[in-house]
Amino acid sequence: MSGAVPTSVQPRAVVMTQLRKPKRSEAVFRTIVVLVILGSLALTWWAFTMRFVPTQNRSRELTTAVSRLSSELDVLERKWTKEETAEIRARYTELHTQLFADTAALQAWMSRLEEMAAPLSLQATVEFGNTVPQLTNDYKVAFIPANVSLEVHPVPNSSESPYQRLLRLGQKLAAEGKRADLAEMTVAGGPTSITKAQLVFNLWAGEEPVEPAPATQNGGSK
Amino acid sequence: MGSLFSKRAVGGHVIPHNVTTLCVSWLNNQFKAVAVHRGRVESSWERPGESDGAGNFEKFLREAVKETGYRGHTVSLVLAHPRLVQQLVDAPPVKGMALLKVIQRQAEHQKVFPGEAAWASQTSPYGKVLQRVLLHLFPRVLLNQFIQGARANGLHLASVLPPSAMLHHQITQLPLEKGDVALLVAETGGSTTLVIGRSDGQILLARTLTGTWNEEAERVALDLNRTILFANQQYGNAGIKGVWLFGPGAEESCKILQSQIQFPVSVSPVAYEPYYWATEALKLSPDFTPNILSRQLQKAPQRRALAAMVAVCTLLVLAASLTASGYFLKEAKLEEATIKALSAQATRLQARERDLLVSDAELSRKKQVIKLILGERPPPTPAWFLAYLSEAVPSDLVVTNFQLKRVEDHYRLSISGTVQQVAKPPPPGAIAESVALLKSRLSGSPFHVRMLQARGRPGSEIEEPDGEGKVPTWLNRVANALGTKSARARTLVQDRFEIEGEMR
């Protein structure tokens, strides 16, 4: 034993304590934590990628489609002005007045022809040819060739020559309200004047179509 | 809670500043408590009378808290108990987990009480082949009573230390030469605790003896001699340089013990104070102190705090996830509402477009029909042409046949005639000139007739009848000049002509 001063040496023995198995509650807690975190991440992922993004993309696509549709509508609405629309419909309404609607109309035309030819000492004979249909969408239009043979009879004490009478008849027929196109004219004469003539008229006949139900909006109203 | 995460800078001769605890020394029947706040002893208390029974720990602790006015959360215990024993055991030269498992088996084997053992160990210097381990054994059932008692008082039992830990530390404070081995004996509340250790901090042996030198000095001396003999046997002459006594009655018993022990016996230079054990325990380094509580139990508050923090973080993650998910779902719902509105708008626009397309088709169709029936109505051109002939035909000619026929998009013209019947026949060539004039007029305004060759007579402009006089060549040139190149006039037997052409 000596009189050395106290040292500040620390105990050097290695200390060990017993191990304890983790409690079941700790394992449950850790499992719950992991499950909650994974569940939270999964929920967020699902909400973002499976719900939000597809819906947003669909909304954008629809917005684009609506915008494109609006542009197309603008073009369509500007295509026909209100005045054009009204004029077309008005003229279309009056269209049937220019056409021979039925046999009665043809008979009436023949009667008028005879009425006009008789005072001019022209004997008219009419033969109708085969109907030639015209291409339209739904309006049934065709023309009927009408071969008008005229026998020119002399008129005693008349100042008008057959040539002049034939011209007058032509003018009157041209002034007819219905559409009757003079397609052919054949005139035969002798040394003095015309003896006979043949006129071929294309009589336009048509049947007014059944109008479809009018559009809900006034097309081309702008 | 912050102090739970701070590492104690202990191991010196003062209580670290970050220590706030209630340190209890329960040495057999002696129960003392010291309240330490931030490294400073605030109050101390000794329970009067006998304090026995592990089941009373809760009650004693409650009294200690009340008497000391302790406000902290942890409690440390220095325990001297008849069931707290030390064993020196041999272990194979292994380390780490293998050594831990060996010690665990040794603890279960060496315990002298029924039930599971709580233990702590300290390594001793190596032997020649085996290493030695000093085991501190205590019944777990009693330890659990202490833990529950502390918990019942709202405290966390942070450590349960044997008094030998303080004595081990005190050996390093003895006046020893380097490498000297000393036997330090202390009176611990009715029992005697002894430690044999080196001045460099190595511990060789620790034991707890029943009785004290104040009551049975001779028996204690006998036990000390046996212990020294045992140590010499275990370590091959341990080289003990002296025996130091510490505790109440040490000075009085020193002479008695000296007379029976061959080594020098002296009183420890470390001053004994009534609360020495409680205060000294706080100066020890936890890393070198045999704590009978397991690491998990020692760190239970930290673990609880960590678990709480993890739980809070998890809840925050959950809340953030729910918030984000709610936001995304809400936005998705808004987008769906937008989609619904846009779909309705698209439907309306499509219906409107259909109407407009129908209307457009209708107007286009009507416009086409109007153009066909009203716009393309041809004028009575044949009648006009017939009227024009009276002006265009020269006076010396007479048209006997006239035909104007519409063929596709143009008119086909055919005129034939003769000369006027006059008394005096016209001179030769006059007819041709008149025909040329007629053709010239027809080719001009307003009808612009394009003359054609007579059908069936290609290449021949004027045909002469057999046996009749020929049309002069100059007339042919005039006719071609006034008409078109394709025009063809045919003069028949001097008084007939025929013209063919077409016009639009």
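Thr186(A) stands opposite Gln403(B), a residue of strand E14(B). The model in which this pair occurs is predicted. Strand E5 of chain A, residues 180-189, is paired with E14(B) in the antiparallel sense, over five bridges. Strands of a sheet pair through backbone hydrogen bonds, in either a parallel or an antiparallel sense.

The contact between the two chains involves 91 residues from chain A and 110 residues from chain B. The size of an interface is often given as the accessible area lost when the parts come together. For chain B and chain A, the buried area is about 8,900 Å², and carbon and sulfur atoms give 62% of this. Within chain B, the residues that lose the most area to chain A are Leu363(B), Ile373(B) and Arg377(B); together they account for 7% of what that side buries.

Five salt bridges are counted between chain B and chain A. In one salt bridge, the side chain of Glu362(B) meets that of Arg89(A), with an N to O distance of 3.2 Å. Several elements of chain B give two or more residues to the side that touches chain A, among them helix H2 (96-110), helix H4 (163-171), helix H9 (300-375), helix H10 (381-392) and strand E14 (397-407). H9(B) supplies the largest share of this side, 44 residues. By residue type, the side of chain B that touches chain A consists of 52 nonpolar, 36 polar and 22 charged residues.

Chain B also contains an open sheet of five strands, in the order E11-E10-E9-E12-E13, with mixed pairing. Strand E11 (203-210) and strand E13 (265-267) of chain B each have a single partner strand and stand at the edges, so one side of each has no neighbour in the sheet. On average, neighbouring strands of this sheet are turned by 20° against each other, direction ignored. Strand E10 of chain B, residues 191-198, pairs with E11(B) in the antiparallel sense over seven bridges. Here Ile196(B) has Leu205(B) in E11(B) as its bridge partner.

Two helices of chain B are described against this sheet. H4(B) lies across strand E9 (181-187), E10, E11 and E12 of chain B, and runs at about 40° to E10(B). Helix H6 of chain B, residues 250-258, packs on the sheet and touches E12 and E13 of chain B. The direction of helix H6 makes about 175° with that of E13(B).

Definitions and conventions
Residues numbered from 1 in each chain as written. Chains lettered and ligands numbered in written order. Predicted model: local features only at pLDDT ≥ 70, side-chain atom pairs only at ≥ 80, totals over all residues. Heavy atoms only, no water. Contact = heavy atoms within 4.5 Å. Buried area = accessible area lost by both parts, 1.4 Å probe. Salt bridge = Lys/Arg side-chain N within 4 Å of Asp/Glu carboxyl O. Helix = DSSP H or I, 4+ residues; strand = E, 2+ residues; numbered from the N terminus. Nonpolar A, V, L, I, M, F, W, Y, C, P; charged D, E, K, R; others polar. Pairing = 2+ DSSP bridges. Axes fitted to C-alpha atoms, helices over the stretch in contact; angles between N-to-C directions.
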